[in-house]
Amino acid sequence: MNFKIAVLPGDGIGPEVTDQAIKVLNAVGIKYGHEFKYNFADVGAIAIDNYGDPLPEATLETCLESDALLFGAIGHPKYDNDPSAKVRPEQGLLKLRKSLGLFANIRPVKAYDLLISKSPLKEELIKGVDIVVYRELTSGIYFGEKGRTETGAFDHCTYERYEIERIAHKAFEAAQLRSKKVTLIDKANVLETSRLWREVVSEIAVEYPDVVLDMMFVDNAAMQMILNPKQFDVILTENMFGDIISDESSVISGSLGMLPSASIGAKTSMFEPIHGSFPQAAGKNIANPMATILSAAMMMDHLGLANEAIDIREAVNAAMKEGIVTEDLDAKNNFSTQQVGDYIADFIEEKQATSKIKKDYLTIGLSTII
Ligand code: IPM
Ligand code: MN
């Protein structure tokens, strides 16, 4: 089959990690006879530099005419240190989410057996953790009216019923295929929008009698995520709580560099690592590409290519098993961003080859796959 993929590498380590995901998609293409055609476009700080706009119209058009969208990262320290900047890289990402209607941000969090020792949390707490966060992505405080008054500032948080309903259905459908539990995270003891979430989600839960609905205040949930993460299956939450809880949950996986995500909308959907642009690592060939590669696996699932997705995940597991990982996962014996990408792509193409030999090749710099 043929697919048009829009690639928005963005800033910092974005280009390096998206390159590896493309390498992996090409390997999948060779193995399964698919053609992935990539259309590159600028977003974020690089787009501000080149066009004065973090999401140029041409980028949006490229996205709209694609089957799926691979996104790297956005952000640059020169904006982080200047809160008064009128144009910011993040605006590009937020506008993209809104323009494409990417209302459901899906963030799976797993404790990989091979990485358990990398997590600062105790093994008995995290072994077997398998959570997926459904974060609402196009509303709430991120998109409400904001501004300054003479003496202060405000950010309004608003939600419409339909915005809660559509993502709640997605979360319950996901739970039906998993451990059949949805935990709604909110702050209903204080916020009116949270009380609306409880009301709407409780109504929808009736349509899914096989799924248990639990509700938790976000402050308690932040604590429970560390104390007893195994209690969670599907987490359903609004935009800002989802942002915070999903970063927190990444600690379980041992590295933020492992967490992929999918942002699903009515038409073109977007696949991106959860981590940011990590400017300190940009251009050094040390960033972990696994989150982006695993995002490509989510893209395969979304395009109905289930075996292709399984292959990518197996190859990532093989890389971890063989210790072909970047320095965030192994401070002593590590490989470069490119080498990890090469190994994973190569594994997909020639599964019969023993990975041990490949590791030796890589170690002495003789790899035929570089
Ligand atoms: C994320 C990021 C973004 C967000 C920023 C870059 C606007 O943190 O995707 O989680 O807050 O949504
Ligand atoms: Mn975030």
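Which residues in the largest nonpolar core touch the most other members?

Modeller: This is a predicted model, in which local features need pLDDT of at least 70 and side-chain atom pairs count only at pLDDT 80 or more, while totals for chains, interfaces and linings use all residues. Residues are numbered from 1 along each chain as its sequence is written, and side-chain values use heavy atoms, with hydrogens and water left out.

Leu 236, Met 290, Met 300 and Ile 344 touch the most other members of the largest nonpolar core, which has 71 residues. A nonpolar core here is a set of buried Ala, Val, Leu, Ile, Met, Phe, Trp, Tyr and Cys residues joined through side-chain atoms within 4.5 Å; buried means under 20% relative accessible area, exposed over 50%, and partly exposed in between (1.4 Å probe, protein chains only). Helix H11 (residues 290-302) gives the most to this core, 8 residues; helices (H or I, at least four residues) and strands (E, at least two) are DSSP runs, numbered from the N terminus. Because domain 1 (1-101 + 273-370) and domain 2 (120-253) both give residues to the core, it lies between them; the domain bounds come from an automatic or database domain assignment.

Take Ile 344: leaving aside neighbours within four places in sequence, Ile 344 is in contact with Val 24, Met 290, Ile 293, Ala 315, Val 316 and Ala 319, where contact means heavy atoms within 4.5 Å. There is also a second, separate core of 20 residues, with Val 129, Phe 241, Leu 259 and Ile 274 among them.

Conventions
Chains lettered and ligands numbered in written order.
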